[in-house]
Amino acid sequence: MTANTLDALLKWGIGELNKQEILNASLDAWYLMEYVFGISRVDFLLTRDEQLGCDSEAKILQYETLITRRGGGCPVQYLMGYTEFMGLTFEVNEHVLIPRQDTEILVETALDFMKPEYRVLDMCTGSGCIILSLAVHGHLESGTGADISPDALAVAGNNRERHHLYQIDLIQSDLFENISGRYDMIVSNPPYIPSGEIDKLMREVKDHEPRLALDGSVDGLMFYRRIAEQAGDYLVPGGMLMMEIGCDQADDITVLLNRAGFKDIHVKKDLAGLDRVIYAVK
C-alpha cells in the first residue's frame, strides 16, 4: 500500500490486523507505529495529517512488514524485541517466553518475604525477568538465574547488562544439575502446560513461543515433581520455595510439596481470582 500520512498508515495497519482477526488490533498497530517512527501519542496527533516525505519510505516499508508479520501471528513483543515487566524493560525474542502480568504476582509475593541479603535462585529463568526484577525492586545483593537453554541465557545476559545487575549469576543447568550451595529462596516459573494442550493455545503462543518453556509433559507437572524432590537440598533451613502454577494445579502440587517434606504451604490468587502462585517452607 502507499500511505502519504501517519494517520492513513495507522488506519491501514489496523485494518490489516482486523482482517486477520488479531485481538487488540488498534493497540498493536499503534505499538508498531510508535516503535518504527519513534513517536509519542502527542507527536502523532500533531503530525498525523502531514505528508510523509521520501525520507520516510524505509520506515513505511518496515511498518508494513511488521504489520504483515503481526497479522501472521508473531507477537508484537517479538517484533519490537522488548516488553515491559514490573515497570522495567526486558529484551525478548523467540528463545524466551514473553513475561506476563500473571508472573508479576510471583515477583510481588517473593518481594513480600525476601531481604536484600538473601541468596535467591531463579530456576527456568528464561529472559531473566524474575530474578532481575527481584534484584531491582528487592535490592538483592546476590542471586542466580538458571536455564537449560543457552539461547535463553544469552537473552538474560543482555537484560542483566541493560540493568547493570552484575551481582546476578547466570548458569546453564538442567534444573539443579549444575547448581551448588544453598539459597534462602528458590523461585520458578517452570513449563506447566500439558503436552496435549499446547496445540490448543492461541497461535501467538503455540506457533511462536518456545515449546521448551511451555511443555510440562503429559500432565503438566513434570517440572514441579523434579523441583519439589530436589529443591530441599539447595535451601537453607527455613528457606522458601515459590512457584508460578497453572490455575488448576494447586491441589496436585500441594501433594508433591507435602511428600517432599515442605510445610506451611500457601496458594496465592491472581487478579482474576485464579490460583497463580504456591509457596512453602523447607
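How many helices and strands does the secondary structure of the protein hold? The secondary structure comes to 11 helices and 9 strands; helices (H or I, at least four residues) and strands (E, at least two) are DSSP runs, numbered from the N terminus.

This is a predicted model, in which local features need pLDDT of at least 70 and side-chain atom pairs count only at pLDDT 80 or more, while totals for chains, interfaces and linings use all residues. Residues are numbered from 1 along each chain as its sequence is written, and side-chain values use heavy atoms, with hydrogens and water left out.

**The whole chain**

Begin with the C-alpha trace, which spans about 65 × 40 × 30 Å along its principal axes. Of the 282 residues, 50% count as buried; buried means under 20% relative accessible area, exposed over 50%, and partly exposed in between (1.4 Å probe, protein chains only).

**The sheet**

Next, select β3 to β9. They form an open sheet of 7 strands in the order β5-β4-β3-β6-β7-β9-β8, with mixed pairing; two strands pair if DSSP finds at least two bridges between them. Because β5 (168–172) and β8 (263–269) each have a single partner strand, they stand at the edges, and one side of each is left without a neighbour in the sheet. On average, neighbouring strands of this sheet are turned by 15° against each other, direction ignored. Angles run from 0 to 180 degrees between N-to-C directions, and axes are lines fitted to C-alpha atoms, for helices over the stretch in contact.

Now highlight residues 183–188 and 235–244. These are β6 and β7, paired in the parallel sense over 5 bridges. Tyr183 stands opposite Leu235 in β7.

**Two helices across the sheet**

Select residues 129–138. This is helix α7, which lies across β3 (119–123), β4 (142–147), β5 and β6 and runs at about 155° to β3. Then move to residues 250–259, helix α11, which lies across β7, β8 and β9 (275–281) and runs at about 10° to β9.

Which residues of α11 are buried? They are Ala250, Ile253, Leu256 and Leu257. Seen down the axis of α11, the buried residues fall within an arc of 125°, so they line one face of the helix; the arc is that of the directions from the helix axis to the C-beta atoms. Their cover includes α10 (222–231), β7, β8 and β9. The face turned away from the buried side carries the exposed residues Asp251 and Arg259. Just after α11, Gly261 takes a positive phi of about 90°.

**The cores**

Display the side chains of Met123, Phe176, Ile186, Leu241 and Leu257. They have the most contacts inside the largest nonpolar core, which has 32 residues. A nonpolar core is a set of buried Ala, Val, Leu, Ile, Met, Phe, Trp, Tyr and Cys residues joined through side-chain atoms within 4.5 Å. The elements giving two or more residues to this core are β3, β6, α10, β7, α11 and β9, and α10 supplies the largest share, 5 residues.

Centre the view on Leu241. Leaving aside neighbours within four places in sequence, its contacts (heavy atoms within 4.5 Å) include Ile186, Ile227, Leu257 and Phe262. A second, separate core of 31 residues includes Trp12, Leu17, Trp30 and Cys74.

For Cys74, the nearest cysteine sulfur is that of Cys129, 18 Å away. Cys74 counts as buried, at 7% relative accessibility. For Cys124, the nearest cysteine sulfur, again that of Cys129, is 12 Å away. Cys124 is buried, with a relative accessible area of 19%.

Terms used:
A disulfide is a pair of cysteine sulfur atoms within 2.5 Å.
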